[in-house]
Structures are given as structure tokens and as C-alpha cells.
Amino acid sequence: MTEFSQGPALWQAIAALIIFVAAYICILIEKWDRMYTALGGAILMLLLGIVPIGKALTTYANWHVLLFLVSLFVIAGLFQKTGLIAFAASKIIRVFRLQPFTILIGLSVLAAVSSALLNALLAIAVIVPILLKTTKMMKLSPVPFLISVLLSANLGGAATLMGNWSNRLIGAAEHITTGEMLIKIGPLVILMLAIVYLTMWFLYGRKMIIPETYKREVLSLQPETYLTEDRVQFIGGSAIAGATLLAFLLQGILGWQASYIAAGGAIALIALNYQDLIQLFKKRDYRSFWSGVLETQGLFVLGLFIMVGGLTYAGISGFIAVRGLELSQGSMSFLSMLLLWLTGFGSSVVDYVPYTAAMIPVVDHIGTEMKSFSQASIQPLWWSIIIGTAIGSGVTLFGSISSMYAAALAEQEGGGLNPRNYFMIAGPISLVLFIVATIYFKLFLL
């Protein structure tokens, strides 16, 4: 491993892998708070010198992503005070006439389209709060809805250049156009979404039954009653959230960082609710303040970024990729299939953004090496990474920031979504998707 390492000795690279696997298992079994587990693993890597602290905090800790994530939590939490989310949830129930599976499909398709046009995290930030309110009103478990929406968001984002962040990184590095992606990847994405929805119908379609007593209770509710009576809160909160969303939509024209847009919206909403903040400090309720910090999941993601950085700095991902080139003996078909499955596995255990960033120079290196004995295009390798990350990031709740964000929102609402019950459903579905993608690659992309 050391021949691809940027600094750590062999024992440190092995230690990085052991620490990450141990932390990941602890997060899965939920024996301890995952934030302390992730931070503990990150601190251990720093103490052992696996990754320099300067590089961990400047290169691997993506502060823009962290600021974006925390700001969205603040916006989602404070915006709920307007009552618009509960209002929208009750309207959805009435429009679809209390047909749970129809609501599931509607929200899932919305998540897929929103992810393709904007990005998965923004789509999840808007849809999941509505989803949680809707299922709560219908007295149904939100878990099937969340699984379907998360898989849809991850898959839908693969269809366009602006969808998933990995697509943006690859597009910027290799000058791939949105048109190319739609033609090459679009049909596969539609096929995989259809498989997800058919599977969800098979597993849950006939089980989603709302008792008659709950139906009468829900239908008796008036959506308007959920709106806050505080006009300043309603108008101000709606205006700030609307302006923030508009800024996201015009981000390409404005040239602003998404993290700064989200932070601006969060600060404006905090200023609107300044009295609550003053009361919190007057009461010296630091425990509630610390609880709020934990709920943002910012420290958990920071620890995860540093641990992933330790793996990258140790050269483990590079080692696997180059050994894959040797194993393929220059066969583009075999290498594409291998990269598809390896990327899927890698994206299922770590966030796909740093994984993709680490793989781009590796694939470039493979392309340079292959030119010496073959004129084959390496474009199928980029398709392998894009599809591998789209499917792999949906296997577990740790494969993407959007999934972790949705899990944290569900935890706040007592939604019952945890890494175990998510993986039990999403894992087998993703395995089927990988098989379908492999066949699609063989027929159309190689």
C-alpha cells in the first residue's frame, strides 16, 4: 500500500483501514452515539499520524459541505414554525385522497426530478419534512417513504451534469456535457427507478392501509389551521425561505457558493427568531443548545470526512484502482465492470463526494497508462463511477450527505429510520440495480 501512499507507513495505512471499519460497525450497531464514534475515529487517526491535522482540516474536511448541511438544518427547523410544511402535507393527503402508495410514488418522482435539476441534498431538504408530516398525519411509518425517496434522489441525480456532486466533479474534469449524460445514462436511470417502485409496491403496496377512524380524523382537519397566527413569523419566514430557494435556482447566474446562500438564509431566519435565542441564553440552557448542535450532524460529518481523508491519504483507494488495472490486463470491458462494482461498494461505506474526488486522478492515470498500448476510450470508466456512486450511495445511510441529512431529520421526528432497517431493504434493491446496470453497460455503453 505504501507505494501509492502520500506519506503514512504501511502500518498506518492498515491502522486507518481498521479504525474506519471498526467505527463503521459501531455506527451500524448503534451502541454509542454516532457523532462520538466518528469523532473518536477521526481523533485516533490524527493521533497516530495517519493523516496530518493540517491536511485533515484543509483538504479532507469540506467546510463548504459542512456549512451547507448545518445551515439547511437551521432553515428546516425554523421554517417549520410558519406551518407551511404541515399545510403542504395535509394538502397532499387531500389531493391523493389518502392513497398512501400514490403519495409515496408522487414524492419519490418529485425527489428524482428535483435531484436531476438541482441536487439531491436540496431536494431532500424540501421533501423529507413534508414526508414526515404527511406520514405522521396518516399514522403510518415513514420508513418505506424515506427509503423510496432517498433511492429516487440518488438515482435521479445521476441523469444530468448538475444532479449529483460527483457528476459535477467529473464533468468539470473531463468536459462531459449534460446532453451526453442524458443520452447515455438517462434510460438506465428511468429503468432503475421503475425497478425501485415495483419493488416498493411488492413489499409495501398492500400493507399501507389507513384505519377508517384515522381517515375520518385526518379528513376532518383543515389545512389552514396549521398555519401560524404570527403574521411576522409567517410572512418573514416564507419570504426568507423563498428568497433562499430562488438564490439556489439562480446559483449558476449569480455565481455564489451554495453554502453561502444556505448560511445567509439560516442567519436571516435566526435573526427573525432572535427572541427565542435570547431566552435560551437568559435561562443558560446550555444543554438544549448543545442538543441542537448535535442534531445538525455537523460534527458527525466532520469526523466522517477526516476518517475518509485518512483512507485517501493512506493510498488505499489508489492501491485498489491500480491493482484493478493490472487484473484487467487492459480490457476496458472488464475494467469498467470492476470499477462499477468497486465504486458501488466504496460509495456505500463512505460519502461519494470525497470518493469521486479521489478516483478522478486514478482514472486519469489509468487512461494515460492505457494509451501506451491501446487507443480505447476511457469514457466507460466515467460512466462506471457515475452509476456506481448513484447506486452505491443508496445502499446505506452513510453513502451520501443527503441520506445522512434525511436520517437526522427522521430521528428528530422519531421516524424510526436507522442504518439497520434501511439497509435491510435498500441493500437487496441496490444489488438488483447493480445487476441491471451491468447488463445495460454490456449492451449499450461498452
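In which handedness of crossing does α7 pass α22? The crossing is right-handed. The model behind this answer is a predicted one.

Take this pair of helices first. Helix α7 covers residues 120-137, and helix α22 covers residues 401-412. Their axes come within 9 Å and cross at roughly 20°. Angles under 35 degrees count as roughly parallel, so α7 and α22 are roughly parallel to each other. On the α7 side, the contact uses Ala120, Leu121, Ile124, Ala125, Val128, Pro129 and Leu132. These meet Ile401, Ser402, Tyr405, Ala406, Leu409 and Ala410 of α22. The contact residues of α7 and α22 comprise 12 nonpolar, one polar and no charged.

Now turn to α19 and α23. Helix α19 spans residues 332-349, and helix α23 spans residues 419-445. The axes come within 11 Å and cross at roughly 160°. Angles over 145 degrees count as roughly antiparallel, so that label applies to α19 and α23. The crossing of α19 past α23 is right-handed. From α19, the contact draws on Ser333, Met337, Leu340, Trp341 and Gly344. From α23 come Leu431, Phe434, Ile435, Ala437, Thr438, Phe441 and Lys442. The residues of this α19 and α23 contact split into eight nonpolar, three polar and one charged.

Finally, look at a single residue. Ser108 sits in helix α6, residues 100-117. Is Ser108 buried or exposed? Its relative accessibility is 0%, so Ser108 counts as buried. Leaving aside residues up to four places away in sequence, Ser108 touches Ser148, Val149, Ser152 and Tyr197. With Ser148 there is also a side-chain to side-chain polar contact of 2.6 Å from Ser108.

Definitions and conventions: Residues numbered from 1 in each chain as written. Predicted model: local features only at pLDDT ≥ 70, side-chain atom pairs only at ≥ 80, totals over all residues. Heavy atoms only, no water. Helix = DSSP H or I, 4+ residues; strand = E, 2+ residues; numbered from the N terminus. Buried < 20%, exposed > 50% of the residue type's maximum accessible area, 1.4 Å probe, protein only. Polar contact = N/O pair within 3.5 Å; in protein donor to acceptor, adjacent residues only side chain to side chain. Contact = heavy atoms within 4.5 Å. Axes fitted to C-alpha atoms, helices over the stretch in contact; angles between N-to-C directions. Parallel < 35°, antiparallel > 145°, perpendicular 65-115°, else oblique. Left-handed = near helix turned anticlockwise from the far one by under 90°. Nonpolar A, V, L, I, M, F, W, Y, C, P; charged D, E, K, R; others polar.
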